[in-house]
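Open your viewer and get ready to select residues by chain and number.

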There are 2 protein chains.
Amino acid sequence: MSRRGERPSPETLASLPVAVDAMGGDKAPVEIIAGARRVASDDGIPIMLVGPPGLVGDTLGLPLFECTEVIAMDEDPAGGVRRKKDSSLVRAAELVRDGQASAMVSAGNTGATMAAALLRMGRLPGVIRPCIATPLPRLGRTPAVLVDAGANAECTPAMLVQFAQMGAAYASARWGTEAPTVGLLSIGEESTKGTPLVKETHGLLVKESGFEFVGNLEGRDLLPSPADVIVTDGFTGNVALKALEGSLRFLFDAMLGVFGTNDETKAAADVLLPYLLPMAAEFEPENTGGAMLLGTDGVCVISHGSSNATAMVNAVRVAFECATRGLVEHVAEAVLPAQGG
Amino acid sequence: MSRRGERPSPETLASLPVAVDAMGGDKAPVEIIAGARRVASDDGIPIMLVGPPGLVGDTLGLPLFECTEVIAMDEDPAGGVRRKKDSSLVRAAELVRDGQASAMVSAGNTGATMAAALLRMGRLPGVIRPCIATPLPRLGRTPAVLVDAGANAECTPAMLVQFAQMGAAYASARWGTEAPTVGLLSIGEESTKGTPLVKETHGLLVKESGFEFVGNLEGRDLLPSPADVIVTDGFTGNVALKALEGSLRFLFDAMLGVFGTNDETKAAADVLLPYLLPMAAEFEPENTGGAMLLGTDGVCVISHGSSNATAMVNAVRVAFECATRGLVEHVAEAVLPAQGG
């Protein structure tokens with residue numbers, strides 16, 4: 001349930017700062033603050049850093065919401081949020097809840113970020129469990145969205161149907177995708193393949209009307225995905241996403257190794273790199289704007305733990321755009337009709 | 001339970017032919033027979049083709065075990081095996097069961113191949129469910145093994161422990177790996193992460209002594225895997241494996257697209273391709289020898305549905321090597337002690 005009253009209008013949200021957890025991530029606070037400063041000056045997006053004054057140092061004009069605690073990257077998420085009520089993560093979520101920020105962004109402890117957003121902003125009406133939506137590149141097209149990319153290791157068919165609804169709303173709000181297509185991740189195209197969870201979800205998705213269900217997809221369909229939204233449980237989604245990240249990194253590294261073999265290969269690589277790098281950039285998590293938590297009553301972007309300044313710039317952009325385009329309203333509307341049916 | 005009496009000795013197995021399903025796969029029978037001929041002449045491995053005489057055509061000296069039926073690639077596996085008692089798949093499995101072949105190889109209907117092997121050869125004593133082991137490349141090292149790569153969408157912790165045992169026995173038999181290491185696929189390194197299945201399996205693997213359990217692995221650890229064996233349920237394993245295959249193909253295709261941009265990039269690519277192709281070859285499923293069914297009382301290699309002659313050569317080699325190195329005995333011994341404990 002929402003803990004707030006009326007949601008702010010898009011105009012109000014555009015005037016509110018994005019709350020940036022200055023202490024979240026392996027490269028915090030230096031890279032986080034650098035990214036926040038850059039996106040504030042380049043894009044004019046209002047920023048509110050959240051962190052302890054001593055640690056943050058010179059914020060060079062960015063406003064700072066002061067707090068006294070930090071939840072560590074490897075800290076128990078639920079316990080951290082419960083105990084550290086004055087932590088940067090909890091305070092950032094409260095700023096959104098209280099209508100003082102349009103969205104929150106953190107590259108910190110993923111579980112704690114989810115817990116803080118869930119406990120402080122609350123779930124949207126009818127949402128069983130929030131999920132994480134992660135973009136998957138489709139060279140030259142808008143990315144596809146994988147839901148759930150890791151929030152819920154255990155899922156029910158009703159949860160997966162909501163992930164589809166929320167993922168479709170996200171694709172519409174973020175990329176303007178009209179009539180998003182949705183595929184269900186399984187181990188064969190036939191509706192009879194997969195676990196009981198997948199088979200039952202398949203039967204439910206066929207009856208949904210808020211998007212076009214294109215049936216089951218397989219692991220090999222993830223890059224590039226023929227559907228705008230790929231639905232799966234958070235365990236499978238997390239394994240698949242990390243398998244993709246790992247294999248692409250493995251192959252890029254192996255390729256760079258080959259390029260450095262001798263002078264001739266180095267010269268050839270110099271010719272090709274200007275063409276290869278833009279392609280590689282599409283696969284870089286730092287350029288995709290991070291993962292979006294869907295189903296909470298407020299926008300929360302979860303950036304990669306290894307986020308640098310560029311990753312923060314993109315994460316803040318995505319958070320700001322989605323907040324001002326009414327992502328929360330879209331997700332709320334996508335889920336609600338199913339509750340009456 | 002085994003349907004046979006004494007297992008043949010390694011010497012006897014080396015003298016027996018490998019039963020090759022001439023009708024299995026998208027490129028059957030032409031590429032299958034071409035591969036069988038090549039491996040018979042190059043390696044001196046005895047071959048017994050299994051297929052209808054009219055369809056097989058000129059086998060050029062290879063013996064043919066005649067049958068009258070074929071199970072189609074998209075046919076219902078269990079129904080096909082039950083109804084088509086004189087199919088090439090069923091007859092190939094019977095040749096192994098009856099001690100007339102050392103192993104069977106098929107690029108046909110995966111489900112039907114598993115069903116035929118399971119129903120005709122039988123399970124090894126104590127094996128709950130057979131699983132599929134698929135090699136994952138580790139450039140310049142022996143491959144790692146993913147179990148289960150898709151045989152069982154639903155698993156219990158006891159099944160996953162057996163997959164670990166059987167996977168370790170396979171690594172030893174095929175690559176001579178001493179004291180194989182085993183990792184459990186999850187969504188975090190901590191033993192508290194993952195589904196109830198993963199958490200309970202983690203607790204059981206810690207107590208196993210037939211291999212070294214290195215703890216949880218994540219999707220990004222699949223390429224290259226730090227463990228010799230990666231254990232997971234068949235749903236997650238199949239999704240992850242196909243995600244890897246798909247992403248590598250996607251990236252290779254994208255790279256080739258870049259290479260063809262203009263005359264300058266084409267010339268540069270000509271320099272690099274001799275170095276890149278051997279690397280790409282390590283990722284090609286046709287070179288890995290296919291997937292191995294573990295837990296049946298006889299060797300069964302499941303080759304990719306798109307297998308060409310080269311894929312068949314490698315699949316037959318793997319089948320012959322594993323049969324003559326006593327893979328079935330190793331797997332039986334790996335599983336049995338657990339039954340007494």
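Is B:Arg325 buried, partly exposed or exposed? B:Arg325 is partly exposed, at 40% relative accessibility. (Buried means under 20% relative accessible area, exposed over 50%, and partly exposed in between, with a 1.4 Å probe and protein chains only.)

Some ground rules. This is a predicted model, where local features need pLDDT of at least 70 and side-chain atom pairs count only at pLDDT 80 or more, while totals for chains, interfaces and linings use all residues. Residues are numbered from 1 along each chain as its sequence is written, chains are lettered from A and ligands numbered from 1 in the order written, and side-chain values use heavy atoms, without hydrogens and water.

**Stop 1.** Select B:Arg91 and B:Asp86. Their salt bridge has its closest N and O atoms 2.6 Å apart. B:Arg91 is partly exposed, at 23%. B:Asp86 is buried, at 17%.

**Stop 2.** Move to chain A. Select A:Asp86, A:Arg91, A:Glu94 and A:Arg120: a network of salt bridges links them.

**Stop 3.** Select A:Arg7 and A:Glu329. Their side chains meet in a salt bridge, 3.2 Å from N to O. A:Arg7 lies in the segment before helix H1 (10–15) and A:Glu329 in helix H12 (residues 327–340), so the pair ties together parts of chain A that are 322 residues apart in sequence. (Helices are DSSP runs of H or I, at least four residues, numbered from the N terminus.)

Over all chains, the structure holds 28 salt bridges.

Note on methods. A salt bridge is a side-chain nitrogen of Lys or Arg within 4 Å of a carboxyl oxygen of Asp or Glu. Helices (H or I, at least four residues) and strands (E, at least two) are DSSP runs, numbered from the N terminus.
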